[in-house]
Amino acid sequence: MEAALTTAETAAAQRVDYQTDPAHYQHWQLKFDGPVATLAMDTREDGGIRPGYKLKLNSYDLGVDIELHDALQRIRFEHPEVRTVVVTSAKSRVFCSGANIYMLGTSTHAWKVNFCKFTNETRNGLEDASRSSGIKFLAACNGTTAGGGYELALACDEIFLIDDRSSAVSLPELPLLGVLPGTGGLTRVIDKRKVRRDLADMFCTVSEGVQGQRAKDWRLVDEIVKPAQWNEQIQKRAQELARQSDRPANTRGISLTPLKRTIDENGYHYEFVDVRFDRTGRTATFHVKAPETVKAESLEKIIAAGANWWPLQVARELDDALLSLRTNEPELGLWIMKTSGNTDAVLEIDRQLVAHHSHWFVREVINMLRRTLSRLDVSSRSIYAMIEEGSCFAGTLLELALAADRSYMLRIADNPDATFVALSEMNFGPFCMANGLPRIANRFHGDENAVAKVYALAGGRISAEEALNTGLITSAPDDLDWADELRLAIESRAALSPDALTGLEANLRFALPETLQTRIFGRLSAWQNWIFIRPNAVGSTGALKVYGSGAKAKFNWERV
């Protein structure tokens, strides 16, 4: 019994918790001054999320990014008056030196890859807030800006670099570590900053980086500012950016109260989301519950509900569950999506989302739902949806089935109305994937006739046969074959190579067009994943392993 308790205690100690709040930040200072918020990195050297390394020179690990993600959420919901965020450093002469190299060198392959994915999503969150929430981001690089530090700056709308004759921007991963910038640096330098290819090639292969006027000439930064004018110029530009925003000036925010969550050996349990583990079968079953009743509430009552408004609460619970499972339960390779509740309640909430979409709070809730669903798309897990009697795959919740790799819907011959799905306006635009397409359009590869055919069914209850005929589901077994077909589908999927499945799913989920995000999560992530297991990077004499030891990396010179 004592050994079992020790094992359980060890597992709990290693579990990563994505829930935090400003009172518990170790690495960021968040300050507000009217329409401008200042988010200053000040990493605590001995505050790593895992032992064995020091977070020197404002380097970061997963714990630092968890706080950054939380800060962005609180700015969006709790401070609607904020129109510009200045991202800077509280340390002198260093903005951020990037991901902690010793953390990367000692981490497992899975930890490195999942860390990079969450960091990518957090950086994308800055760009999403600029695009969808009217919050502009100004990177005030007041010192050395290297690797992931420059990638953080690249995610901002504009980059100012202090012109002190020593501060430079750099992406030194290739010459120093034998790897690539892991959070979109290459893609943003070309796609976003429009840096010329030859200059980008030179920039990414010199460890010392580029400073001063050359950094501006090469389009690596927007402005260079002398130290004497630094504070004045940063504040001036922050105020100018704030005037471009449509965020409300004198409005009270919505407090993101702590989630009510229980964690045990069987899963994660929230009010509207419940996740159950089957470790033998290597599956996790998500059960997402809709409200049993809902009224046609006024906007005032919706705002008064705050964090308890169902669409926001379910988005936060689902987001926390997805992040927790991705990091803490890597062997549960198949996620099964189930729903229950009142279909009419979900459709009414969707109507409210559409009716009030221009209000800042409702807009942020829609954005939160979209980001959470997008996190599902890029998770390296197989996803099945099970549509049974009592299911509530309607409107917003139907997106869970549309995001799945396969969807199975029970068909009862003598009671065809017993199972159904339902579409709403929310399925045809607000919840775009990384490629910019709604899942319906992505499903039919942009075929306007197919999309129009299902759009005509919006608002009604769609039977299993009709859902199958219109292409909304994968399979509709009858009640005699249901249990056997599901068992075979689950067992056969769980028996396949997880590595091959990750590659398969990542290639099949996103139809054209390609975007900056699909290039980051697809092409760049795939290459980095491969490089992270190559001996030139992580072998005993690889660049990432010998960094800081004084030894020189020994490469296998074959080009593969």
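**Helices, salt bridges and backbone exceptions**

I will start with Trp-530, which sits in helix α21 (residues 516–531), where helices (H or I, at least four residues) and strands (E, at least two) are DSSP runs numbered from the N terminus. What we are looking at is a predicted model, in which local features need pLDDT of at least 70 and side-chain atom pairs count only at pLDDT 80 or more, while totals for chains, interfaces and linings use all residues. Residues are numbered from 1 along each chain as its sequence is written, and side-chain values use heavy atoms, with hydrogens and water left out.

Trp-530 has a relative accessible area of 32% and is therefore partly exposed; on this scale buried means under 20%, exposed over 50%, and partly exposed in between, with a 1.4 Å probe and protein chains only. Together with Trp-527, Ile-533 and Val-560, Trp-530 makes a nonpolar surface patch of about 440 Å². Patches take residues with over 30% relative accessible area and no salt bridge, joining like charges within 9 Å and nonpolar side chains (Val, Leu, Ile, Met, Phe, Trp, Tyr) within 5 Å. The areas come from the Shrake-Rupley method with a 1.4 Å probe, and for residues only the protein chains shown count as cover.

Now to the charged pairs. A salt bridge here is a side-chain nitrogen of Lys or Arg within 4 Å of a carboxyl oxygen of Asp or Glu, and by this rule the count comes to 39 salt bridges. One of them joins Arg-326 to Glu-121, with the closest N and O atoms 2.5 Å apart. Since Arg-326 belongs to helix α12 (residues 310–328) and Glu-121 to helix α4 (residues 109–132), this pair ties together parts that are 205 residues apart in sequence. Are the two partners buried or exposed? Both Arg-326 and Glu-121 are buried.

A second salt bridge, at 3.7 Å from N to O, links Asp-128 and Arg-131, which are 3 residues apart in helix α4 and are thus separated by about one helical turn. Asp-128, at 4% relative accessibility, counts as buried, whereas Arg-131, at 54%, is exposed.

Arg-509 and Glu-505 also meet in a salt bridge, with an N to O distance of 3.7 Å; Arg-509 is buried at 9% relative accessibility, and Glu-505 is buried at 4%. Elsewhere, salt bridges that share partners join Arg-76, Asp-128, Arg-131, Arg-247, Glu-364, Arg-370 and Arg-371 into one network.

Next, helix α19. How far apart are the end C-alpha atoms of its 13 residues? In helix α19 (residues 482–494) they are 18 Å apart, which agrees with the 18 Å that 1.5 Å a residue should give, the expected span being 1.5 Å times one less than the number of residues. The buried residues of α19 are Trp-482, Leu-486, Ala-489, Ile-490, Arg-493 and Ala-494. They cover an arc of only 120° around the axis, so they lie on the same side of α19; the arc is that of the directions from the helix axis to the C-beta atoms. These buried residues pack against β16 (283–289), β17 (334–340), β18 (382–387), β19 (406–409) and α20 (498–508), with contact meaning heavy atoms within 4.5 Å.

Turning to the loops, Met-433 is found between β20 and α16 (439–443), and with a relative accessible area of 8% it is buried.

Finally, some backbone geometry. The peptide bond from Leu-512 to Pro-513 is cis, with omega near 10°, and Pro-513 lies in the loop between α20 and α21. Asn-58 is not a glycine, yet has a positive phi of about 55°; its place is in the loop between β2 (36–41) and β3 (59–60), and its relative accessible area of 0% makes it buried. Arg-165, also with a positive phi, near 70°, lies in the loop between β9 (158–162) and β10 (168–170), but at 75% relative accessibility Arg-165 counts as exposed.
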